[in-house]
Structure formats: structure tokens, C-alpha cells
Amino acid sequence: MNQRYLMSTGAAALAITLMAVWPAPPLAAGQGTQVLKSGEKAVTVANNGTPAKPYVAPKTPDGVPDLQGYWTNNSITPLQRPQGVTKEFYTPEEFAAAAKKQADSDEGRITAQVGTVNDVHYDFTQFGLDKSQTVLNGNMRTSLITNPSNGKIPPVTEEGKKRAAAKVAAATPRSAQYDTVKNIVIGSRCIYQGAGPPMLPPGYNPGYQIVQGAGYVMILIEAGHEVRVIPTDNRPHAPEGVRSWLGDSRGHWEGNSLVVETSNFNGRVAFQGSSENLKVSERFTRTDANTIKYEFTINDPSTWETSWGGELPFTKMDGPIFEHACTEGNYGIMNTLAGARAEEKRAAAAAAAKKGGAQ
């Protein structure tokens, strides 16, 4: 489980130091994709630049914009703007350097783990799960957050601070991760893996399939094989007491955009520390044949002083999406805990033997 999370955090860390320039040609509008690195660890970047002329999206038989297909939001752009970066966009050369450096970092990290405990994991590249094995979005932004303009999450309210402090206090003293099943994070237990909304790039498995029918939009999310079924027939939200991991979504069409409002979260996901009062607004707009502009707004007065939001592109990709059969974290949990107890016994026996030898 370790590599998948290191990959996502590595992207953010990388962004802080990506100012080195890699001599790749800049991306040009309308050029499709560009290979920045070839070979087994190839890096292909999509051109998500502004089209030369306004795009007219195709329509479904129901007369609404057709968003259907397979898409990815694979990205190396961090949610918040890194410290020390003051501009809104990187240059194409800086972005190319970051993409290549990310691929090299992933490859080097895996090589360094060979023969260690962290190496007890399947090979990501064997199953096409490395970030570099999916086309990267050519998002030149220095942060996904565009509102506020500094690219940062706004200050937390006093209510939010008290709730966060209470959560920490309730978890103290915390025992080790594998002392009990309750200590293992929900992502590792295959319960919920950040499907959203908002739908932000996961560490891996960044694929989506959109299917439309009369009065509905369905989004299959590769990570955690979650499914969002969004009614667009003006029905009201579910009653206040009906709560779920992905919340209750209702959609409608505004011109060429699908607008989705989601509330009724169960409070256990706590996106960026949010409360169960979180409301997420999303807007999906096709800007060309291969790109959806995805915008999101976060509104939770119980947590943040102001609403905030951002945007990122979704790029068309080849389908189908294979099932992310995350089972090792639930069906294998007994073996995981048994392994931890066996390690403890071996460590205790070794310590006793060492103490006996010293006497």
C-alpha cells in the first residue's frame, strides 16, 4: 500500500522544486499529445490549451451536451500552490521538466525499495498503474485552486479548529497502524479512496467513464470502483438524514455545461477537514473533442471562513476501464494483522535472546 500514497505526496513535493528546466519543446495548442520521455517509463502529456475557436459540443438524442466517453484527470499539479511559488502558471519548459522528474522519481523510489519490507507489494508497472503509464494532463497551473487567487485553502473557522482538535484528542494515545483494524486508514481497507466530489486526481487509477441517459448522468470512477448516479430531472435532494460517502448529487444543464450540486455527506470522509455540512458545486464543460473543463467550488461555513474552488482538465483516454478490485485491504485484513503479530513475536524473541546473551 505504501507506494501509492508516496506517489501522490511525491507530486506535491516535486512541484516545490520543479524550477529546473528540461530541454523539451513546448506544448502547442491543437497538437494532441506529446511524448516527453520514451521507453518503459514513457511520459505522454495531453495538450489542454485553449482552442483556437469556440467549440460546439455534440448533443445526445435528448438534446443535451454529450460528455460520454473515457476520461482521465491524471496530473502532477498540486491542490495548493507550493510555498515560494507566486505565479499562476508555469512555462511549458518548467512543466515538461516537472513531468519528467516525476517519472524519474517514481522509478527511483521503486528501485530503492527492492529487497525491503516496502517491496512486499505488486509491481505497479505490471498492471499499468504508474502515473507515467496514463496520459498526463497538460495543466500548466501552479495549483488546482484558482479561488482565492493565492492558490491556498482559506483560513479555518474557530468551529473547524475546535472540531479538528477534538478529533485529535479522541485519537490520543493512538496505537500503531496494525494494532487493530480500526487504526488502518479507510483507503487501505478499500472502503473509500477519495472518489469525491470534488473529483481530484488520485495517486493512481485516475480513469473515469461517463454514460448519459434520459434524466441521468453516470460517472464510473476507476479508483475504488465507485459510481456516481446523478439525476438531472429537477428532483429535490434526499432528506437531510440520508447521508452517504459520496453525498447526494443533483444535476442540471446550463448551456453547454453540466452543473452538479452535492450535499448530504456522511462526515466520515472529511475532505480537507470538512464537516458533514460540506456542499460541493461542480461544472463539466467540453472545451474541445478531447477535453472537459472541470470546475469545483467548496462551501462549508462550519470549516472555512470563505468558499473556495478550482479547476482542472479531464482528457479523453482509451477505454475500457478495468475493475479496480481492491480486495487486499478487506479480505486480507486478517493476514495483515496476523503478520504484524508475528513480527512482534520475532522482535520480542530477538530482544530476549540478546538480553540473555549479555548476562
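Trainee: Where is S249 found?

Mentor: S249 is found in strand β9, residues 248–254. Helices (H or I, at least four residues) and strands (E, at least two) are DSSP runs, numbered from the N terminus. This is a predicted model, in which local features need pLDDT of at least 70 and side-chain atom pairs count only at pLDDT 80 or more, while totals for chains, interfaces and linings use all residues. Residues are numbered from 1 along each chain as its sequence is written, and side-chain values use heavy atoms, with hydrogens and water left out.

Trainee: Why is S249 called buried?

Mentor: Set its value against the cut-offs: buried means under 20% relative accessible area, exposed over 50%, and partly exposed in between (1.4 Å probe, protein chains only). S249 has a relative accessible area of 7%, so S249 is buried.

Trainee: What makes the pairing of S249 and T262 a polar contact?

Mentor: A polar contact is a pair of N or O atoms within 3.5 Å; within protein, one must be able to donate a hydrogen and the other to accept it, and residues adjacent in sequence count only if both atoms are side-chain atoms. The side chains of S249 and T262 are joined by a polar contact of 2.6 Å. The side chain of S249 also makes a polar contact with the side chain of R228, at 3.1 Å.

Trainee: Which residues does S249 touch, not counting those up to four places away in sequence?

Mentor: Contact means heavy atoms within 4.5 Å. On that count S249 touches R228, I230, P231, H237, V260, E261 and T262.

Trainee: Let's turn to charged pairs. What makes E254 and R283 a salt bridge?

Mentor: The rule asks for a side-chain nitrogen of Lys or Arg within 4 Å of a carboxyl oxygen of Asp or Glu. In this pair the closest N and O atoms are 2.8 Å apart. The two partners link distant parts of the chain, with E254 in strand β9 and R283 in strand β11, 29 residues apart.

Trainee: Why is E254 called partly exposed?

Mentor: Its relative accessible area is 37%, which lands in the in-between class, so E254 is partly exposed. R283 is partly exposed too, with a relative accessible area of 28%.

Trainee: And E94 with K87: are these residues buried, exposed or partly exposed?

Mentor: E94 counts as buried at 9% relative accessibility, whereas K87 counts as partly exposed at 31%. Their side chains meet in a salt bridge of 2.9 Å, N to O.

Trainee: How many salt bridges are there by this rule?

Mentor: The count comes to 14 salt bridges. One of them is formed by E295 and K293, with the closest N and O atoms 4.0 Å apart. Salt bridges that share partners join E88, R141, K293, E295 and E311 into one network.

Trainee: Now the nonpolar side. What makes a nonpolar core, and which members touch the most others in the largest one?

Mentor: A nonpolar core is a set of buried Ala, Val, Leu, Ile, Met, Phe, Trp, Tyr and Cys residues joined through side-chain atoms within 4.5 Å. The largest nonpolar core has 32 residues, and I219, F284 and W308 touch the most other members. β12 supplies the largest share of this core, four residues.

Trainee: Why is V229 called exposed?

Mentor: V229, in strand β8 (residues 226–231), has a relative accessible area of 51%, so V229 is on the exposed side of the cut-off.
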